[in-house]
Amino acid sequence: ERTYHLHARVGGDGGSPYLCPRLTSKAPCPICEYRQNMLKKSDPDDEKMIKDLAPKERQLFNVINLKEPDKGIQLWDMSYHLFGKLLDARIRNSDEEEGWDQFAALSGGMTLKVGFKEKSFGGRTFLEAETIDFKPRSEDYDEDKLEETHCLDELLIEPEYDVLKEAFLEAAPAAAGKSKSKADDDDEEDDEEDDGLEVREVRALL
């Protein structure tokens, strides 16, 4: 798993998502700087824009979907608030002897059975994890399975300060505050839509 933060819909023509340098590597972020200046002004009219400009917390996972085993290890990109938050709570509130914190281990790990519920917000529907059960695996994974996993750190591209600033300034600040995106809706609804997920069993690999 790799947690990351992004700014959604940066720039004109619908915009594009960009990693937040401040939360990725503690580097300066022009969008966070702009948002911080707005916070200092304490203008009630800016509340929505301030919220829209906030970085969104997401997670990348290496997963094996047991309903699609032939596809091997797949990438799953999900809002933390729609899955990871519940997963953390389930592990945190479990008994130590249950070993749920080691569910992703190759040997002695567990399968996650995740139940999703459909929600709606702003005329759009999305799925949120409602239940997570930890099931013993029928067999362990071999060590060579790690060689098939995706290097999640390498998949995240952090933009240069000037590149991100130029993209951000392509659209007027007011437009940036009004724009909507998948990640924007995630944040407002504690969080996000994902494509076509149903009740599935997955084995997550760290």
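Is Phe116 buried or exposed? Phe116 turns out to be buried, with a relative accessible area of 14%; buried here means under 20% relative accessible area, exposed over 50%, and partly exposed in between, using a 1.4 Å probe and protein chains only.

The model is a predicted one, so local features need pLDDT of at least 70 and side-chain atom pairs count only at pLDDT 80 or more, while totals for chains, interfaces and linings use all residues. Residues are numbered from 1 along each chain as its sequence is written, and side-chain values use heavy atoms, with hydrogens and water left out.

Now for the overall picture. The chain has eight helices and seven strands, taken as DSSP runs (H or I, at least four residues, for helices; E, at least two, for strands) and numbered from the N terminus. Of its 206 residues, 43% are buried.

Strand 5 and strand 6 run antiparallel to each other and pair over twelve bridges; to count as paired, two strands need at least two bridges found by DSSP. These strands make a hairpin with two residues between them, and Gly122 in the turn has a positive phi of about 60°. Across the pairing, Glu118 stands opposite Leu127 of strand 6.

What about the inside? Helix 4 has Gly84, Leu87, Ala89 and Ile91 buried, and its buried residues pack against strands 3, 4, 5 and 6.

Finally, the rings. Rings of Phe, Tyr and Trp (its six-membered ring) pair if their centres lie within 6.5 Å, with planes under 30 degrees apart called stacked, over 60 edge-to-face and the rest tilted. That rule gives seven aromatic pairs. Trp76 and Phe116 sit edge-to-face, 6.3 Å centre to centre with 80° between the planes; Trp76 is in strand 4 and Phe116 in strand 5, 40 residues apart. Trp76 is buried too, at 12% relative accessible area. Trp100 and Phe134 are stacked because their ring centres are 4.3 Å apart and their planes at 10°. Phe61, Trp76, Phe83 and Phe116 form one aromatic cluster.

Terms used: Contact means heavy atoms within 4.5 Å.
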